[in-house]
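Let's take a friendly walk through a protein model together. Have a look at the sequence and the structure, and then read on.

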Amino acid sequence: MNSILLAHGSGGKLQSDLLEKVILKYIKNPIINLLEDSAYLSVSKSKIAFTTDSYVVNPLFFPGGNIGKLAVCGTVNDLLCIGAKPLYLSLGLIIEEGFDYERFEKIIASIASEAKNAGVKIVCGDTKVVEHGKGDGIYINTAGIGEIKHYFSPQKIEAGDFIIVTGNIGDHGIALLSERQKLKFKTPIISDVANLTGIADILFKTSGIHCMRDPTRGGLGGILKEIALKSNIEMEINENSIPINPGVNSICEILGIDPLYLANEGKFVIFSKEEKVVSLLRRTKLGKNTAVIGKVVKKKQKGEVILLTKTGGKRIIDIPRGELLPRIC
């Protein structure tokens, strides 16, 4: 079998084979192995977090990852952001007829590997195959359930909070752009796609954390403006303090792209009363470039984000208009 056929989604023998020989070959646990219509779950806490996201990234494979890894990391990180420990994921697959069987298996293997890394179980799912030309290879939907450990929210942000980012921004956006446009650089840019459970474990044990977000679509600039509007605060960001890979910075300058609005898939933006968390995160592999990039200066304002530029000026950061790069997640 070289490619996915319509019959792989018809509920018959081929679909059963696809499930047994590929999906359950990699994704198996006592819950999904039962193959019930619904997963029977145990959640000890009375409050849970529940989220869902769909992944349509183009290209499906990119430096540092693929759509499968991205789907697990994205949903896991969304749960972590609100202060929940991820427990369970669902997996919805919409596959285009003719999709390469070997590439499909690689994607499923990545999903299984990343779920194991994140400590979550994939407990239910669905597979559909659409006619050739009516999809774009494969789309993935993941929904996730997590157990609330803390509750982080923009409403908890206070004046004086440190604004922290856990590493270089823009790597994912430039990795996608370079793969999509077949751009060759002396030093290839690798996507930062990663689940951030290790960093979250540290944050969950640290006092003074008020809010966390992952700056995916819209990038760092977009998420800061969104938070400022939700919490009615004014914040100042120091451009010199924002960590950026020199290669990403050079490409942005050449192509006229603002790195503040590039997507990231393995970073947190944190609002913290305490600065000490920075030194803790810098000891981790994924947080080694963690930096304080600014402070919340006022509350009860109209939601302004002011960038103190490298040249000594001030620039108002706004929500991006339209997509800087489409289909990045």
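At roughly what angle do the axes of helix 1 and helix 3 cross? The axes of helix 1 (residues 13-26) and helix 3 (residues 101-118) cross at roughly 35° and come within 7 Å. Axes here are lines fitted to C-alpha atoms, for helices over the stretch in contact, with angles from 0 to 180 degrees between N-to-C directions. Helices (H or I, at least four residues) and strands (E, at least two) are DSSP runs, numbered from the N terminus.

Please keep in mind that this is a predicted model, in which local features need pLDDT of at least 70, side-chain atom pairs count only at pLDDT 80 or more, and totals for chains, interfaces and linings use all residues. Residues are numbered from 1 along each chain as its sequence is written, and side-chain values use heavy atoms, leaving out hydrogens and water.

On the side of helix 1, Leu18, Val22, Ile23, Lys25 and Tyr26 are in contact (heavy atoms within 4.5 Å) with helix 3, where the partners are Tyr101, Phe104, Glu105, Ile108, Ala109 and Ala112. This contact has nine nonpolar, no polar and two charged residues. Ala, Val, Leu, Ile, Met, Phe, Trp, Tyr, Cys and Pro count as nonpolar, Asp, Glu, Lys and Arg as charged, and the others, Gly among them, as polar.

**An enclosed helix**

Why is helix 4 largely enclosed by the rest of the structure? Because eight of the 11 residues of helix 4 (residues 171-181) are buried, where buried means under 20% relative accessible area with a 1.4 Å probe, protein chains only. Among them are His172, Ile174 and Leu177.

| Element | Residues |
|---|---|
| Strand 2 | 61-62 |
| Helix 2 | 67-81 |
| Helix 7 | 246-255 |

Next, find the open sheet, whose seven strands follow the order 8-10-7-11-9-12-13 with mixed pairing. Two strands pair if DSSP finds at least two bridges between them. Strand 8 (209-213) and strand 13 (314-316) are the edge strands, each pairing on one side only. From one strand to the next, the twist averages 25°. Strand 12 (residues 304-308) and strand 13 run antiparallel and are joined by three bridges. In this pair, Leu308 stands opposite Lys314.

Technical notes. Buried means under 20% relative accessible area, exposed over 50%, partly exposed in between (1.4 Å probe, protein chains only).
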